[in-house]
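Please open the model in your viewer and keep the selection tool at hand. We will go from stop to stop, picking residues as we go.

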Amino acid sequence: MEIGISLPTASRKAFSPGLATLARRAEDDGAASLWVNDHLAMVADSQSTYPYSSDGRITWDVSEPQLEALVSLAHVAAVTTTARLGTAVLVLPQRHPIEVAKTAATIDVLSGGRLSLGVGAGWFAEEMHVLGYSFQDRGTRLEECIRLLRACWSGKVDAFDGRHFTIPPGVVMEPRPLQDFGPPILVGGVSVAARRRAARVGDGWLAVSDADGFSVNAFRSRLAEITELREAHSRSGPFIGIVKINCSSASDDEVVSAVVAARQAGFDEAVLDLPWSVPDHALQCLRLAVKAVS
């Protein structure tokens with residue numbers, strides 16, 4: 001199993017010591033992949049329920065600077081050579097898929113074919129409304145966006161008449177991604193809907209867990225469920241299982257234990273979401289995790 005790490009795009013550490021410096025150091029310390037999260041517009045006093053905290057409240061200061069995800073990956077691509085680059089996750093239903101397809105293809109080409117696109121339906125209703133999109137139908141829009149991404153990456157989009165997007169025939173998009181069939185699209189989330197969507201339309205599943213609450217049996221069962229659903233939909237070919245592990249309050253030993261548990265559950269990769277308040281400590285945890293599964 002490989003180990004990746006989330007970069008601090010929503011932290012002042014992105015400015016000092018700097019995103020490029022931390023990305024290079026993480027790659028040198030064994031990170032197989034480098035990931036960024038995504039928000040375009042934070043909203044003060046949100047009433048949306050944040051699904052990854054016990055009380056449903058946002059766990060960070062919304063007034064802190066947050067770098068745009070795809071621009072950040074382009075920056076990181078220029079200063080790294082081997083690590084894969086990923087979004088965990090891009091809120092795809094609040095962007096136009098044609099623009100995302102062009103940007104993603106550009107990053108893939110310029111990085112030498114290293115992009116993975118984690119996508120999700122999103123949980124932040126106020127953000128989606130600010131950007132002019134409906135929150136209620138985000139799930140069906142996400143799946144339509146995925147279809148359009150793949151059509152764009154083929155080089156030429158035939159006429160597309162969907163529920164949410166209508167594209168006239170003859171749209172040409174070059175350059176095509178360097179990777180055959182385009183960057184892998186990983187569907188993020190742990191809900192039943194997210195797992196079914198990953199099986200039905202994804203190239204992989206991007207799960208989420210806390211380091212101190214990782215359940216080997218639960219995740220092993222969910223991975224098996226996705227395999228069965230893929231077979232039911234007559235889907236074959238490579239499928240990637242990745243879990244993003246929240247390590248914000250975990251000790252070094254708990255981080256290592258969670259990584260070992262992820263391997264036992266059957267994941268191909270674990271992505272550490274570590275606090276970057278002390279960069280040297282975050283990188284030390286990365287090295288320990290890499291060693292634990294090597």
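Helices (H or I, at least four residues) and strands (E, at least two) are DSSP runs, numbered from the N terminus. Residues are numbered from 1 along each chain as its sequence is written. This is a predicted model, so local features need pLDDT of at least 70 and side-chain atom pairs count only at pLDDT 80 or more, while totals for chains, interfaces and linings use all residues; side-chain values use heavy atoms, with hydrogens and water left out.

**Stop one: helix H8.** Select residues 252-265, which make up helix H8, and pick out glutamate 254 within this helix. Glutamate 254 is partly exposed, at a relative accessible area of 34%.

**Stop two: helix H6.** Move on to residues 192-201, helix H6, where Ala194, Arg195, Arg197, Ala198, Ala199 and Val201 are buried. Show the surroundings as well: these buried residues pack against helix H5 (138-153), strand S9 (185-188), strand S10 (204-210) and helix H7 (216-232). Contact here means heavy atoms within 4.5 Å.

**Stop three: salt bridges.** A salt bridge is a side-chain nitrogen of Lys or Arg within 4 Å of a carboxyl oxygen of Asp or Glu. How many salt bridges does this rule give? The count comes to twelve.

Stay with arginine 195, which is buried at 9% relative accessibility. Which residue forms a salt bridge with arginine 195? The partner is glutamate 225, with the closest N and O atoms 2.7 Å apart. Because arginine 195 sits in helix H6 and glutamate 225 in helix H7, the pair ties together parts that are 30 residues apart in sequence. Glutamate 225 is partly exposed, at 27% relative accessible area.

Next, select arginine 150 and aspartate 203, a salt bridge whose closest N and O atoms are 3.1 Å apart. Arginine 150 belongs to helix H5 and aspartate 203 to the loop between H6 and S10, 53 residues apart.

Finish with arginine 57 and aspartate 55, whose closest N and O atoms are 3.9 Å apart in their salt bridge. Both arginine 57 and aspartate 55 are exposed.

Technical notes:
Buried means under 20% relative accessible area, exposed over 50%, partly exposed in between (1.4 Å probe, protein chains only).
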